[in-house]
Amino acid sequence: MYIVHSTVVIPEDKVDEVIGIYQKRSRLVDEYEGFISFQLLQNENNPAELTVQISWDSKDNYIKYITSDAYKKVHELEKNYPDQELAAIRPSVGRYKVVAK
């Protein structure tokens with residue numbers, strides 16, 4: 001299994017807006033080969049820190065997804081987001097191979 005985290009810290013007054021965006025996400029990734037799960041995590045100690053966690057069955061399928069048209073489409077939507085303050089935030093990304101369960 002392969003897990004990818006994308007973490008952002010956003011302005012506190014935009015937390016609910018961003019959570020709402022993810023609650024209404026396109027779900028294109030859900031249909032991709034090897035996709036297992038998607039979660040949006042909110043830090044209990046710092047509610048303005050949000051982490052997207054996506055689990056894959058393998059690194060190979062993750063790589064296939066991030067080089068696909070579906071990935072490009074999702075990220076083009078983000079670039080066109082009307083709130084330029086949010087659009088300008090760049091996540092910290094971590095990639096993890098599951099080595100024990």
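Helix H1 (residues 15-23) has Val15, Val18, Ile19 and Gly20 as its buried residues, where buried means under 20% relative accessible area with a 1.4 Å probe and protein chains only; helices are DSSP runs of H or I with at least four residues, strands are runs of E with at least two, and both are numbered from the N terminus. These buried positions of H1 pack against strand E2 (35-42), strand E3 (49-56) and helix H4 (84-87), contact being heavy atoms within 4.5 Å. The model is a predicted one, in which local features need pLDDT of at least 70 and side-chain atom pairs count only at pLDDT 80 or more, while totals for chains, interfaces and linings use all residues. Residues are numbered from 1 along each chain as its sequence is written, and side-chain values use heavy atoms, leaving out hydrogens and water.

Turning to the nonpolar cores, each is a set of buried Ala, Val, Leu, Ile, Met, Phe, Trp, Tyr and Cys residues joined through side-chain atoms within 4.5 Å. The largest comprises 11 residues, including Tyr2, Phe38, Val52, Tyr62 and Val74. At least two residues of this core come from each of strand E1 (2-9), E2, E3 and H2, and E3 gives the most, with three. Another core, of eight residues, lies apart from it and has Ile10, Val18, Ile19 and Leu86 among its members.

Tryptophan 56 belongs to the largest core. Beyond its neighbours within four places in sequence, tryptophan 56 is in contact with residues including Met1, Val29, Ile36, Asn61 and Tyr65. Asparagine 61 sits in helix H2 (residues 59-66) and counts as buried because its relative accessibility is 7%. Not counting residues up to four places away in sequence, asparagine 61 touches Tyr32, Glu33, Gly34 and Trp56.

Methods. Buried < 20%, exposed > 50% of the residue type's maximum accessible area, 1.4 Å probe, protein only.
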